[in-house]
Amino acid sequence: MRRFPSWVWPIAVAVFTLAVSRLVENEYYMFAGYVVLQYIVLASAWNILGGYAGYVNFGSAAFFAIGAYGTVVLDKLGEPPLVVAILFGGIVASLVGLVTAYLTLRLRGVFFAIATLALAIVLQTLVMNWEFVGGPLGVYTTRPDSITGFPGYVNYLFVVMLVLALISVLVARAIELSFVGRGLAAIRDNELAAECCGVPTFRLKVLAAMLSGGLMGMAGAPFPYYITYLDPNSAFSIAYGINSIAMPLVGGMSHWIGPVIGAVLLAVVQQVATVTISSELNLMIVGVLLISFITLAPNGVVGLFERYRQQRHWRPGK
Amino acid sequence: MTMQNLLEANSIRKSFGGFVALDAVDIAVRPGERVGLIGPNGSGKSTLVNCLSGAISSDTGTISFDGRAIERLPAYRRTRLGIVRTFQIPLPFMSMTVVENLTIPLRFAGRHHPGALTVVSDIEQALLILEDVGLRDKASESSARLTQVEMRKLELARAVAARPKLLIADETMAGLSHAEVDEIILLLLKLNDQGIAIIMIEHIMRAVIAFSQRAIVLVAGRKIADDAPDVVMNNAEVVRAYLGE
């Protein structure tokens, strides 16, 4: 494992997934895979602010929905290329992240969490009353014509989300390993001590909120074309808020691979449960997994793995 | 002509609601000076430290450091300029090892110091500082596992890593044994030898007298004495504040 730099691995996995995507005939797997990848983006993005800096954001759905409704607005005005919609969603969401950061990042702990939850509710109410994007009834979006080189539009969306997932993981990893990540870790451990060590705490938190929100917005941008009918309840679904917290927690928040593991694990379990049992059971499964991990493995899968490795390392007579 | 002051704070005032914690306090520190700051509980020592370091901002008054007005700067900027404080209750970065704790100020504050060596890596610099405070063998230990006296030393080491010109040591010795207090005093003297001015906030009189060239006494938010330690100890007002009538 030592022979390759670790950034090679996400790229290798992505290439492999891409290859598989061209071979799979059944469109359902593309649909399901898209959801898993979307959650890799959301979980990795959430972890930048929540895991690295310790600020728990309950409003992931708001940033996701900003991306989704951004695309709806562009779609109404004319058919934009998907890349433009994604960039638009990312920029608007990161600006909302900036404003939210200025308004709420002086709050600590539970007060910050409540403020982000309020953000989601306020935005949802605004969208409900905005007729241009369909209001409470929602809006239909017609998929553009199939893209050359792809068997169907969903296959294209799958590959787009694969690229977004790769970008998110690489961004999260770059932050974790840079001095920004060290500064965020210091903020998480003790904000006052961090400030007194020369860490520009407020600036770093704003940066983390903008990156985190922006990536979530990018994840939401292709969503209207994915489901073709968007309403406030699906765009602001509580599942996004809960999953993007649960996934890093289950996978492990201290390492960039944690949210990826958590997202794959929880999203696959939810997809399987939806097909085999019922779609109502999803959040309950997340809840049970979440409680088990918090009590039994508070550092997630990554934590379990590290503990195992340490035990093996210490065994010879130390 | 006096030498130019490193720190000069004039008529610092701070109130919390109706309670006046600091009432027009002046304080000046020359480069390389050792100053003791004493006073009974609730006299405003910690508030003064907070105002100087930027953890809170004073209501009125001016603070200049190295000839520069700093009263409006956020705490991290003051740290980068060279005012570095330690905390009464040690606040290590618990998820990090001892040596990693030092890399934070080295990276975020220390490199702004003109004298900082850029060729030596952060880790090597951190190890040198740990060597100085006697924590070298704990370098890769988790900072959450240290003993009380080790945590105080880490607190000092982390402050040193920010390359201070003025170190404000807030009750670094509270709760330590006689021998441990001596150890910390020696450490502070060693840092002072390297040219760092030090304000020591302390309840342990023995330590203040042994360490300080000058002692400042706060009582109920007002400065009542500012002189050589033995003169201050014989000041009638100070004796009254500490021992009663």
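1. Two strands are taken to pair if DSSP finds at least two bridges between them, and helices (H or I, at least four residues) and strands (E, at least two) are DSSP runs numbered from the N terminus. In chain B, 4 strands form an open sheet in the order 2-1-4-5, with antiparallel pairing; its edge strands, each pairing on one side only, are strand 2 (19-29) and strand 5 (68-69).

2. On conventions, this is a predicted model, in which local features need pLDDT of at least 70 and side-chain atom pairs count only at pLDDT 80 or more, while totals for chains, interfaces and linings use all residues. Residues are numbered from 1 along each chain as its sequence is written, and chains are lettered from A and ligands numbered from 1 in the order in which they are written.

3. Strand 1 (residues 7-16) of chain B runs antiparallel to strand 2 of chain B and is joined to it by 7 bridges. Within this pair Leu7(B) has Val29(B) as its bridge partner, and Ile12(B) stands opposite Val25(B). The hairpin that these strands make has 2 residues between them, and in it Gly17(B) takes a positive phi near 60 degrees.

4. Strand 8 (residues 197-201) of chain B deserves a separate look, since 5 of its 5 residues are buried (20 or more other C-beta atoms within 10 Å of the residue's own, with C-beta atoms placed from the backbone). Ala197(B), Ile199(B) and Ile201(B) point one way from the strand, and Ile198(B) and Met200(B) point the other way. In a regular strand the side chains alternate between the two faces of the sheet.

5. Strand 8 of chain B runs parallel to strand 3 (residues 34-38) of chain B, with 4 bridges, and Val35(B) stands opposite Ile199(B). Strand 7 (residues 166-170) of chain B is also parallel to strand 8 of chain B, with 5 bridges, and there Leu167(B) stands opposite Ile198(B).

6. Leu187(B) lies in helix 6 (residues 178-193) of chain B and counts as buried because it has 20 C-beta neighbours inside 10 Å. Leaving aside neighbours within four places in sequence, Leu187(B) is in contact with Val133(B) and Leu156(B) (contact: C-beta atoms, placed from the backbone, within 7 Å). The C-alpha atoms of Leu187(B) and Asp132(B) are 8.2 Å apart, although the two residues are 55 apart in sequence.

7. Between the chains, 21 residues of chain B are in contact with 17 residues of chain A. Helix 3 of chain B gives the most to the side of chain B that touches chain A, with 5 residues.

Key
Contact = placed C-beta atoms within 7 Å. Buried ≥ 20, exposed ≤ 12 C-beta atoms within 10 Å, placed from the backbone.
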